[in-house]
Amino acid sequence: MRILICVENLLMDGVKRVATVLGNELARTNDVAFFSMASTPSFFELNATLIKTSKPVNTGRSFHGSKPLTIYSSQIHDLIQTLIQGNYDIVILTAGLLTSFSPLIKAEVPQVQVIAWLHNNYETYMDNYYRNMQSEFIAGLRGADRVVVLTNHDVIRFSKIQSRTIKRLLCCNYGQK
């Protein structure tokens, strides 16, 4: 199975750490690559290829603004081209900004399975991080084939938007680098 894991960047951060642990574990039995919207090197050890967008965004921070589909149109185009050229089966979109890309991905690459993987709770995303891009975030959730969350509370809340929401725990050794 060919899997592409998308991140804003691979700087030291909890979401990026979990994404790299997951990707490295999946790479043991699958063909995995990481796609970064930044040109910065990975803080974490990777056991899979790192693909960087041709027009990097190197803010060092996670995006919490508005109009993500306009601001990141070049990076979305690169991501879609990577999915097409790499013939990926699954794309994992970490957090809300990348989740907002799912309708555009599905329109261009309908055969790819889009997984929105959320690392924070419903209220943090809706009331804080993505309050300025709620419509794009919600459209992204609806466009995903599956939404993965961390708690039962979040399954209940996100299931009202996307019925294919599940809770999963990552069972890997976080202490390994």
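**Briefing: a predicted single-chain model**

At 51% relative accessibility, Asn87 counts as exposed, since that value is over the 50% cut-off. Keep in mind that this is a predicted model. The protein chain comes with a mean pLDDT of 92, and 95% of its residues reach 70 or more. Here's a quick tour, from confidence and overall build down to a few residues.

**Confidence**

**Overall build**
- The protein chain has eight helices and seven strands.
- Its radius of gyration is 15 Å, close to the 16 Å that the globule rule gives for 177 residues, so the chain is as compact as a globular protein of that length.
- Along the principal axes, the C-alpha atoms fill a box of roughly 35 × 35 × 30 Å.
- Take the contacts between residues at least 6 apart in sequence: 60% of them join residues at least 24 apart.

**Burial, surface and charge**
- Buried residues make up 47% of the 177 in the protein chain.

**Helix H7 and its cover**
- Helix H7 spans residues 134-143, and its buried residues are Glu136, Phe137, Ile138, Gly140 and Leu141.
- Cover for those buried residues includes helices H2 (68-71), H4 (95-99), H5 (102-108), H6 (122-129) and H8 (152-159), plus strand S6 (146-149).

**Val7, in strand S1**
- Val7 sits in strand S1, residues 2-7.
- With 1% relative accessibility, Val7 counts as buried because that is under the 20% cut-off.
- Leaving out residues up to four places away in sequence, Val7 touches Ala19, Phe35, Ser36, Met37, Thr94 and Leu98.
- Val7 and Ala19 are 12 residues apart along the chain, and their C-alpha atoms are separated by 7.9 Å.

**Positive phi in two loops**
- Most residues other than glycine have a negative phi.
- Lys67 isn't a glycine, yet has a positive phi of about 55 degrees.
- You'll find Lys67 in the loop between strand S3 (49-52) and H2, and at 53% relative accessibility Lys67 counts as exposed.
- Asn87, not a glycine either, has a positive phi of about 50 degrees.
- Asn87 lies in the loop between helix H3 (73-86) and strand S4 (90-94).

How values were computed
Residues numbered from 1 in each chain as written. Predicted model: local features only at pLDDT ≥ 70, side-chain atom pairs only at ≥ 80, totals over all residues. Heavy atoms only, no water. pLDDT = per-residue confidence, 0-100. Helix = DSSP H or I, 4+ residues; strand = E, 2+ residues; numbered from the N terminus. Rg over C-alpha atoms; globule rule 2.2 N^0.38 Å. Buried < 20%, exposed > 50% of the residue type's maximum accessible area, 1.4 Å probe, protein only. Contact = heavy atoms within 4.5 Å.
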